[in-house]
Amino acid sequence: MVYVTKLYPTSDATVFHVFGRVMSGTLKASQNVRILGENYSLQDEEDSRQGQVGRLWISEARYTITTTTTTTTTATSDTERKLHSA
């Protein structure tokens, strides 16, 4: 489970970079994930979508370290493209 803290748009505003914290489990690049919207509930799953994790970074101050697997605070790309284009 990843708690998304902030969405950062790219300079051309076509993709969001997602900044979040891995609360449990492991997040891997190219992993299929389920994206839950803020109105999601167990009774009504309408506000959820399937997505795929793009690249992963670990942010350290002003530097970003590219990684393939993370269990800490992370930034990822391409995940929100499907959510906002649907």
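In what order do the elements of the chain run from the N terminus on? The elements run β-β-β-β-β-β-β-β-β-α, so that the chain has one helix and nine strands, where helices (H or I, at least four residues) and strands (E, at least two) are DSSP runs numbered from the N terminus. The model is a predicted one, in which local features need pLDDT of at least 70 and side-chain atom pairs count only at pLDDT 80 or more, while totals for chains, interfaces and linings use all residues. Residues are numbered from 1 along each chain as its sequence is written, and side-chain values use heavy atoms, with hydrogens and water left out.

Of the 86 residues of the chain, 24% count as buried, a term that stands for under 20% relative accessible area, with exposed meaning over 50% and partly exposed in between (1.4 Å probe, protein chains only). The accessible surface of the chain, computed by the Shrake-Rupley method with a 1.4 Å probe and, for residues, with only the protein chains shown counting as cover, comes to about 6,200 Å², and 50% of this belongs to carbon and sulfur atoms. Among the contacts in the chain with a separation of 6 or more, 43% are accounted for by residues 24 or more positions apart, contact being defined as heavy atoms within 4.5 Å.

Ser48 counts as buried, at 16% relative accessibility, and, leaving aside its neighbours within four places in sequence, is in contact with Arg34, Ile35, Leu36 and Tyr40. A polar atom of the Ser48 side chain also lies 2.9 Å from the backbone oxygen of Glu45, where a polar contact is a pair of N or O atoms within 3.5 Å and, within protein, one must be able to donate a hydrogen and the other to accept it, residues adjacent in sequence counting only if both atoms are side-chain atoms.

Glu45 also takes part in the one salt bridge that the structure holds, the term denoting a side-chain nitrogen of Lys or Arg within 4 Å of a carboxyl oxygen of Asp or Glu. The partner of Glu45 is Arg34, and the closest N and O atoms are 2.6 Å apart. The pair links distant parts of the chain, with Arg34 in strand β4 and Glu45 in the loop between β4 and β5, eleven residues apart. Side chains of opposite charge can pair when their charged atoms come close. Arg34 is partly exposed at 41% relative accessibility, and Glu45 is likewise partly exposed, with a relative accessible area of 40%.

Strands β6 (residues 56–60) and β7 (residues 63–67) run antiparallel and are joined by five bridges, with Leu56 standing opposite Thr67 in β7. The two strands form a hairpin with two residues between them, and Ala61 in the turn has a positive phi of about 55°. A positive phi is also found at Ala13, about 60° although the residue is not a glycine; Ala13 lies in the loop between β1 (2–9) and β2 (16–22) and is exposed at 62% relative accessibility. Ser30, which is not a glycine either, has a positive phi of about 70° and is placed in the loop between β3 (27–28) and β4.

On the surface, Met1, Tyr3 and Met23 form a nonpolar patch with about 410 Å² of accessible area together; patches are made of residues with over 30% relative accessible area and no salt bridge, like charges being joined within 9 Å and nonpolar side chains (Val, Leu, Ile, Met, Phe, Trp, Tyr) within 5 Å. Thr71 lies in the loop between β8 (69–70) and β9 (73–77), and its C-alpha atom is separated by 8.0 Å from that of Met23, 48 residues away along the chain.

Methods. Two strands pair if DSSP finds at least two bridges between them.
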